[in-house]
2 protein chains.
Amino acid sequence: MKTKSNYHHGDLRSVLMALAVEDISASGVEKLSLRALARRAGVSATAPFRHFADKQALLAALATQGFEDLAQRMQIGIENESDLARRFVQMGVTYVGFARDFPVHYQLMFGAVLGDFSQSQDLQRAADDAYRQLDQLLCQLVQEKNLSHDVKTLGGTVWSTVHGMASLLLNVPVAEQALDSQPRQAVAMLSQDVEASLLILLRGITAST
Amino acid sequence: MKTKSNYHHGDLRSVLMALAVEDISASGVEKLSLRALARRAGVSATAPFRHFADKQALLAALATQGFEDLAQRMQIGIENESDLARRFVQMGVTYVGFARDFPVHYQLMFGAVLGDFSQSQDLQRAADDAYRQLDQLLCQLVQEKNLSHDVKTLGGTVWSTVHGMASLLLNVPVAEQALDSQPRQAVAMLSQDVEASLLILLRGITAST
DNA sequence: TGCCTAATGTAAGCAATGCTTACATTGAGC
DNA sequence: GCTCAATGTAAGCATTGCTTACATTAGGCA
């Protein structure tokens with residue numbers, strides 16, 4: 001049910017974001033058109049500019065949404081688990097799972113599409129919040145196992161690995177033919193067994209120096 | 001010195017590729033304009049289409065060039081080293097170093113800008129060739145140390161880690177202000193000590209199961 | 001040497017896009 | 001019930017990717 005008039009759309013901002021995700025998913029970011037978006041939403045070509053300063057701002061909003069969602073998922077992903085090692089694996093699985101479930105958001109969060117990260121204050125904050133989940137877990141791990149590693153170094157290493165898995169899974173096509181390709185086989189393996197990689201990494205971290 | 005006439009440019013294809021790298025480096029892929037490229041090269045707006053079917057084809061050519069260069073660098077990077085563990089670290093350092101030295105190429109090789117990887121046969125082959133370097137090294141490592149890991153799984157894990165490091169180093173700005181941000185600090189740490197991460201990973205791989 | 005063809009360049013034009021400026025409509029709060 | 005800020009529209013500009021039709025040239029072959 002609508003109001004009697006449809007001059008005002010009512011929820012244009014979020015509708016645009018949702019439609020943008022669909023379009024990007026179907027044809028890639030580089031083909032995203034604000035005009036096409038407006039058309040699909042049933043508004044004029046200039047209406048989107050009331051909600052987003054420009055195209056980049058729309059994409060930044062999606063990336064921010066992604067970081068917020070990721071942070072939330074990582075938190076609830078581990079709260080039912082007390083063992084730190086299992087928490088570690090679970091968080092990694094959740095991270096990669098997020099990238100899989102929301103490839104468009106993930107791509108916007110880390111792709112080079114957004115000129116500079118620090119342009120948007122919101123985006124910056126959301127990203128920091130998400131990272132804090134990982135940092136806290138690693139602090140606990142270092143403390144409990146009495147490890148001699150620098151937490152920042154560990155953070156960079158672990159983040160690299162899970163981000164790398166996510167990125168490869170999204171960017172290296174694996175479903176199709178041409179699986180005689182070695183790199184694709186490796187990614188296909190990743191796809192089936194994210195935990196295996198996380199366990200290797202965990203062993204490297206906790207092995208006594 | 002030029003020939004008497006400049007109707008034919010002579011080396012337009014490679015000049016376009018070089019200029020494209022400059023432009024992308026300065027303003028990002030999404031702002032790359034074939035017309036601007038043509039202008040800078042001093043040719044008509046349609047001339048580039050004689051060498052590249054479309055914009056994507058130009059980008060794919062750059063990505064292919066990137067994979068070929070990467071493969072070559074990884075090979076010469078390790079050929080003076082006989083110890084397998086040190087070879088492992090050296091290859092990782094070379095990989096990340098390549099991404100650092102050729103950020104535009106790297107971004108095109110793994111960013112989602114190229115719709116589908118398998119579009120170009122050349123690109124596919126070049127990528128496979130590069131990956132083979134890693135695969136061979138891991139095979140040797142598994143054999144020498146008598147490891148029980150699946151080589152494909154190891155490949156996926158190691159590739160994830162180095163690719164993740166490269167990707168984070170390129171996409172998370174670190175030089176500027178706002179270093180009170182934890183994730184940026186972690187990436188800054190990565191930037192200074194790529195080897196540390198590789199050593200942690202190596203330990204995880206070679207630790208007896 | 002001189003012709004002929006394929007490779008490579010140009011000119012003009014189409015449909016689409018991002019974004020700006022100026023104006024119209026409306027809902028919410030006093 | 002008035003007012004004004006929020007949110008929509010209409011028209012237009014500069015730019016872009018790409019197509020079609022035509023021009024120039026280099027290099028192999030007679």
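Predicted model: local features only at pLDDT ≥ 70, side-chain atom pairs only at ≥ 80, totals over all residues.
**Figure 1. Overview of chain A.** Chain A has nine helices and zero strands. Read from the N terminus, its elements run α-α-α-α-α-α-α-α-α. The C-alpha atoms of chain A fill a box of roughly 70 × 40 × 35 Å along the principal axes. Of the 209 residues in chain A, 42% are buried. Among contacts in chain A with a separation of 6 or more, 63% join residues 24 or more positions apart.

**Figure 2. Chains A and B and the axis that relates them.** In general, two copies of a chain are related by a rotation about an axis and a shift along it.

**Figure 3. The side of chain B that touches chain A.** In this view, 53 residues of chain B are in contact with 53 residues of chain A. Five helices of chain B, namely H5 (103-110), H6 (121-145), H7 (151-171), H8 (182-192) and H9 (194-206), each supply at least two residues of the side that touches chain A. H7(B) gives the most, with 14 residues. By type, the residues on this side of chain B divide into 23 nonpolar, 21 polar and nine charged. The copies meet through the same surface, because 100% of the interface residues of chain B are also interface residues in chain A.

**Figure 4. Helix H1 of chain A and its two sides.** An α-helix has 3.6 residues a turn, so residues three or four places apart point the same way. Just after H1(A) comes A:Gly28, with a positive phi of about 90 degrees.

Figure 5. Why is helix H5 (residues 103-110) of chain A described as largely enclosed by the rest of the structure? Seven of its eight residues are buried. The buried residues of H5(A) are A:Val104, A:His105, A:Tyr106, A:Gln107, A:Leu108, A:Met109 and A:Phe110. In chain A, they pack against helices H1 (12-27), H3 (55-78), H4 (84-101) and H7 (151-171). The buried residues of H5(A) also pack against H7 of chain B.

**Figure 6. The largest nonpolar core.** This core has 117 residues. Which residues have the most contacts inside it? They are A:Ala166, A:Leu169, B:Ala166 and B:Leu169. H3(A) provides the largest share of the core, 10 residues. Leaving out residues up to four places away in sequence, A:Ala166 touches A:Tyr95, A:Val96, A:Ala99 and A:Tyr106. A:Tyr106 is also one of the buried residues of H5(A).

Figure 7. Most residues other than glycine have a negative phi. A:Asn146 is not a glycine, yet has a positive phi of about 55 degrees. Where is A:Asn146 found? A:Asn146 is in the loop between helix H6 (121-145) and H7 of chain A. With 7 other C-beta atoms within 10 Å, A:Asn146 is exposed. In chain B, B:Asn146 lies in the loop between H6 and H7. B:Asn146 has a positive phi of about 55 degrees, although it is not a glycine. B:Asn146 counts as exposed, with 7 C-beta neighbours inside 10 Å.

**Figure 8. Gln124 of chain B.** B:Gln124 is found in helix H6 of chain B. B:Gln124 has 18 C-beta neighbours inside 10 Å and so counts as partly exposed. A residue counts as buried if 20 or more other C-beta atoms lie within 10 Å of its own. B:Gln124 and B:Thr64 are 60 residues apart in sequence. In space, B:Gln124 and B:Thr64 are 8.1 Å apart, C-alpha to C-alpha.

Methods. Residues numbered from 1 in each chain as written. Chains lettered and ligands numbered in written order. Contact = placed C-beta atoms within 7 Å. Helix = DSSP H or I, 4+ residues; strand = E, 2+ residues; numbered from the N terminus. Nonpolar A, V, L, I, M, F, W, Y, C, P; charged D, E, K, R; others polar. Buried ≥ 20, exposed ≤ 12 C-beta atoms within 10 Å, placed from the backbone. Core = buried A, V, L, I, M, F, W, Y, C linked by C-beta atoms within 7 Å.
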